[in-house]
Amino acid sequence: MHTPDATGASRAAPLAARPGQPVNVSGHAQRWPSVTAVIPTLNEADNLRWLMPRLSAVDEVVIVDGQSTDGTVEYVLSVRPDATVIVEPPTGKGSAMRTGMAAATSEMIVMLDADGSMDPAEFDSFLALLCRGYDFVKGTRYGCGGGSDDLTGLRRLGNSLLTALANRLYRQNWSDLCYGYVAMRREAVPRLRLESTGFEIETEMCVNAVRAGLRMAEVASHETERRFGESNLNTFRDGWRVLKTMVRLRFRGRLDAPPAPPVPLPVGHQAAPWEPAAFSRTGTE
């Protein structure tokens, strides 16, 4: 988001202006939305010592931990006692992300890795596009100002080939398919109908956003190397899962919005003769 300064020039509204503080956008007062950071973890205590202090302006932090043994949970709660920590068996990044998104309560959700490769200083770029009306914003390491210190030659080639295929299958113009730095409106979560359990969830989010008709955007992001430890990503195994996911979902058609829950009638209300007795339809109607 942007606010005019004393000279009338436009400047980025800092994340610290939240929560709930009115800001001026193009002459109209708007409230910066509340934000939840969702972070899957598995023995990431050392990396979180870098990441957690940089989340001080976020309204809510949801940690989904895969039963870490290095004190990850204890460290998170020591620096952020209000964090929501969910401990579950380590069944994969996709499972953890789905759990975290379901637990988030803010208006906007930002998904990022725990390894310190994704900088929270970039949150404003993602959130500004959501405030402009986009439903789903994905990071790209190939946009102007983006980059990666972590991609090997093999992974870069694989990502380029998978991105090109996804663009052809889904008639998009993405520049970076396999990157998990993503922000979305919370109401978009049920529309994505996510099912993946592994790293392929990053692809499933993108293609299901297209299938659901969400308004999407890319924003430049710079990925650094993992700060401590080793990644659980397996180039060939996870690349194959990404390929299967995008091809399989291409032939499932559009995703319709989930039905809205029925509005409860007041106590003692009796249906008028013209009112339907139920919301469901039968084959004869």
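Colleague: Which residue of S11 does Phe-136 stand opposite?

Modeller: Phe-136 stands opposite Met-184 in S11. This is a predicted model, in which local features need pLDDT of at least 70 and side-chain atom pairs count only at pLDDT 80 or more, whereas totals for chains, interfaces and linings use all residues. Residues are numbered from 1 along each chain as its sequence is written, and side-chain values use heavy atoms, with hydrogens and water left out.

Colleague: What makes S9 and S11 a pair?

Modeller: Two strands pair if DSSP finds at least two bridges between them, and strand S9 (residues 136-140) and strand S11 (residues 182-185) have three bridges, in the antiparallel sense. The elements themselves are DSSP runs numbered from the N terminus, with helices being H or I over at least four residues and strands being E over at least two; on that basis the protein chain comes to eight helices and 13 strands.

Colleague: How do you know that S5 and S6 pair, and in which sense do they run?

Modeller: Six bridges join S5 to S6, and the two strands run parallel, with Thr-41 standing opposite Asp-65 in S6.

Colleague: What is the order of the strands in the open sheet, and which are its edge strands?

Modeller: The open sheet has seven strands in the order S7-S6-S5-S8-S11-S9-S12, with mixed pairing. Strand S7 (84-87) and strand S12 (216-220) are the edge strands, as each pairs on one side only. From one strand to the next, the twist averages 20 degrees.

H3 packs on this sheet and touches strand S5 (35-41), strand S6 (60-65), S7, strand S8 (108-111) and S11, and its direction makes about 150 degrees with that of S6. H7 lies across S9, S11 and S12 and runs at about 140 degrees to S9. Such angles run from 0 to 180 degrees between N-to-C directions, the axes being lines fitted to C-alpha atoms, for helices over the stretch in contact.

Colleague: Why is H3 called oblique to H7?

Modeller: The axes of helix H3 (residues 93-103) and helix H7 (residues 201-211) come within 9 Å and cross at roughly 55 degrees. Angles under 35 degrees count as roughly parallel, over 145 as roughly antiparallel, 65 to 115 as roughly perpendicular and the rest as oblique, so H3 is oblique to H7. Lys-93, Gly-94, Met-97, Arg-98 and Met-101 of H3 make the contact with Ile-201, Glu-202 and Met-205 of H7, where contact means heavy atoms within 4.5 Å. These residues divide into four nonpolar, one polar and three charged, given that Ala, Val, Leu, Ile, Met, Phe, Trp, Tyr, Cys and Pro count as nonpolar, Asp, Glu, Lys and Arg as charged, and the others, Gly among them, as polar.

Colleague: Why are H5 and H8 called roughly parallel?

Modeller: The axes of helix H5 (residues 153-170) and helix H8 (residues 235-250) come within 10 Å and cross at roughly 5 degrees, and the two helices are therefore roughly parallel to each other. The residues in contact include Leu-162 and Leu-165 of H5 and Val-242 and Met-246 of H8, and by class the contact has 12 nonpolar, two polar and two charged residues.

Colleague: Why is S6 said to be largely enclosed by the rest of the structure?

Modeller: Buried means under 20% relative accessible area, exposed means over 50%, and partly exposed lies in between, using a 1.4 Å probe and protein chains only. Six of the six residues of S6 are buried, so S6 is largely enclosed. Both faces are covered, with Glu-60, Val-62 and Val-64 buried on one side and Val-61, Ile-63 and Asp-65 buried on the other. Buried residues make up 46% of the 285 residues in the protein chain.

Colleague: What makes Gln-67 count as partly exposed?

Modeller: Gln-67 has 45% relative accessibility and therefore counts as partly exposed. Gln-67 is in the loop between S6 and helix H2 (72-79), and its phi is near 60 degrees, a positive value in a residue other than glycine.
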